[in-house]
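The structure comes first, my entries after.

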Amino acid sequence: MEHRDPNQGSSIEQLTELTKHRAQNLLKQGITTIEVKSGYGLSVNHELKILQAIRQADTLCVPQLIPTCLAAHLLPRDFEGSEADYLSHLVHHLLPKVRKFHLANRVDIFVEENAFSSAAAKKYLLKAKAMGFDLIIHGNQFTSGCVQLANDVEALSIDHLETMTPDEIRALAKGKTIPVVLPGASIGLGAPFAPARQLLDAGTSLAIASDWNPGSAPMGNLLVQAALMGVAEGLTMAETWAAMTIRAARALQLEDRGCIRRGHLADLMAFPTSNYQEVLYHQGQMRPEKIWKNGILTQ
């Protein structure tokens, strides 16, 4: 889920309430852990405000919110300087405050022709890594070229991947970066799905996320999106469920959830059926009847 501050005039309290409300709606879908990205503030103060709202909302809602700093989303129109200048500005004026106030452990950047170049992104990510941040990349959405960057900086994940070459698929499989495909963006933009079947066949640990955001993926229904991608890409139901659960947890470096195992968090959902295959078969129309977070029944 990507957090939007539409007029950049909302208070932290208003943003917190909006985030809490959206998280509680996702809980009704059975989603108990949510990555929330900033990236719509595009200034130090507004990015800090968004991240503070995410932290406050995390204390008020049932799902756990995992914040990611995506201040390097686009070059602000009113910024006087180059992409390198803006990224340097973030390194010196934003990221130290994010670390100091424990607002996020993850830093993301959008690498694309209309966003940031791979060369500039690499310098930014390595500086963020030296500061102790985990690294995420928005890449290969419209043009290819980010896989080598992900391998070079040892990014935890690379999100999107709608545009992939065979060589990049093989290269990604040789590294440790987790591919996170976003069918919601493909549906929202009328674009092809990421090559999930090829990524799995190559041996990657594929995860599926919704990319819920106001610009390109307004649906926000992960189960619908995953079911449609599963059909289009020829995924088995087991592969689709794994991509939404244990592999998604690994993309967030969460080893205590995502599967039913002794010692893991009891984040569970129960559907009104005796056959698990019916859940994806109905493509999001079947909703969970019961949902547990940390072993506590939430509804």
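Which residue stands opposite W292 in β10? I found L297 there.

I note that this is a predicted model, where local features need pLDDT of at least 70, side-chain atom pairs count only at pLDDT 80 or more, and totals for chains, interfaces and linings use all residues. Residues are numbered from 1 along each chain as its sequence is written, and side-chain values use heavy atoms, with hydrogens and water left out.

Entry on the sheet of 3 strands. I read its order as β8-β9-β10, open, with antiparallel pairing (two strands pair if DSSP finds at least two bridges between them; strands are DSSP runs of E, at least two residues, and helices runs of H or I, at least four, numbered from the N terminus). β8 (268-270) and β10 (296-297) are at the edges with a single partner strand each, so one side of each lacks a neighbour in the sheet. Strand β9 (residues 290-293) is joined to β10 by 2 bridges.

Entry on the sheet of 7 strands. This open sheet runs β1-β2-β3-β4-β5-β6-β7 with parallel pairing. I located its edge strands, β1 (33-37) and β7 (207-208), each pairing on one side only. Between β2 (residues 64-72) and β3 (residues 106-110) I found 2 bridges; A72 has I109 of β3 as its bridge partner.

Entry on two helices. The axes of α9 (residues 222-233) and α10 (residues 237-244) come within 10 Å and cross at roughly 140 degrees (axes are lines fitted to C-alpha atoms, for helices over the stretch in contact, with angles from 0 to 180 degrees between N-to-C directions).
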